[in-house]
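Dear colleague,

I am passing a structure on to you with this email, and below it I have set down what was found. Please have it open while you read.

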Amino acid sequence: MTLDDLTIPLRALRLLAVDFPHLPAPDVDVSPIFPEWLRLSFHDTSGESLAAFEQWRTALRIAPEAVDSRTQSAGRTRVLKAEGQFAGAGIVLTAYADQPDVDRSPAGQAGGAR
């Protein structure tokens with residue numbers, strides 16, 4: 001495989017930079033393993049990554065119902081993921097953010113009432 005084989009996602013990345021320069025900068029992944037896909041991800045501990053994800057989802061016109069929400073790391077990390085199309089490339093948006101601390105003690109789960 002050559003760099004030329006990654007033309008589709010690289011072209012999409014170039015167009016994203018031109019069309020949406022005001023949006024938050026993502027981590028960008030282009031891989032010869034998935035040569036038709038461009039992956040944009042957002043990582044932080046403040047929850048801002050979720051807002052960045054939403055801005056990109058809206059800009060790329062990915063439907064809200066296409067978003068998969070889950071947790072990982074024993075419920076400590078929230079993950080949002082959605083797929084769409086842009087300029088002939090498949091786009092994967094992924095956001096990771098810390099979940100707010102939740103009281104998991106028996107008293108906390110019962111609402112703290114005694």
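Which strands does helix H2 (residues 48-59) lie across, and at about what angle to S5 does this helix run? In this model, which is a predicted one, helix H2 lies across S2, S4 and S5, and its direction is at about 160° to that of S5.

The 5 strands form an open sheet with mixed pairing, in the order S1-S2-S5-S4-S3. Strand S1 (27-31) and strand S3 (68-72) each have a single partner strand and stand at the edges, so one side of each is left without a neighbour in the sheet. On average, and with direction ignored, neighbouring strands of this sheet are turned by 25° against each other.

Helix H1 (residues 7-19) lies across S1, S2, strand S4 (77-86) and strand S5 (89-98), and runs at about 45° to S2.

As for the chain overall, 30% of its 114 residues are buried, while its accessible surface comes to about 7,200 Å², with 52% of this belonging to carbon and sulfur atoms. Among contacts between residues at least 6 apart in sequence, 52% join residues at least 24 apart.

With kind regards

Note on methods: Residues are numbered from 1 along each chain as its sequence is written. This is a predicted model: local features need pLDDT of at least 70, side-chain atom pairs count only at pLDDT 80 or more; totals for chains, interfaces and linings use all residues. Side-chain values use heavy atoms; hydrogens and water are left out. Two strands pair if DSSP finds at least two bridges between them. Helices (H or I, at least four residues) and strands (E, at least two) are DSSP runs, numbered from the N terminus. Axes are lines fitted to C-alpha atoms, for helices over the stretch in contact, and angles run from 0 to 180 degrees between N-to-C directions. Contact means heavy atoms within 4.5 Å. Buried means under 20% relative accessible area, exposed over 50%, partly exposed in between (1.4 Å probe, protein chains only). Accessible areas come from the Shrake-Rupley method with a 1.4 Å probe; for residues, only the protein chains shown count as cover.
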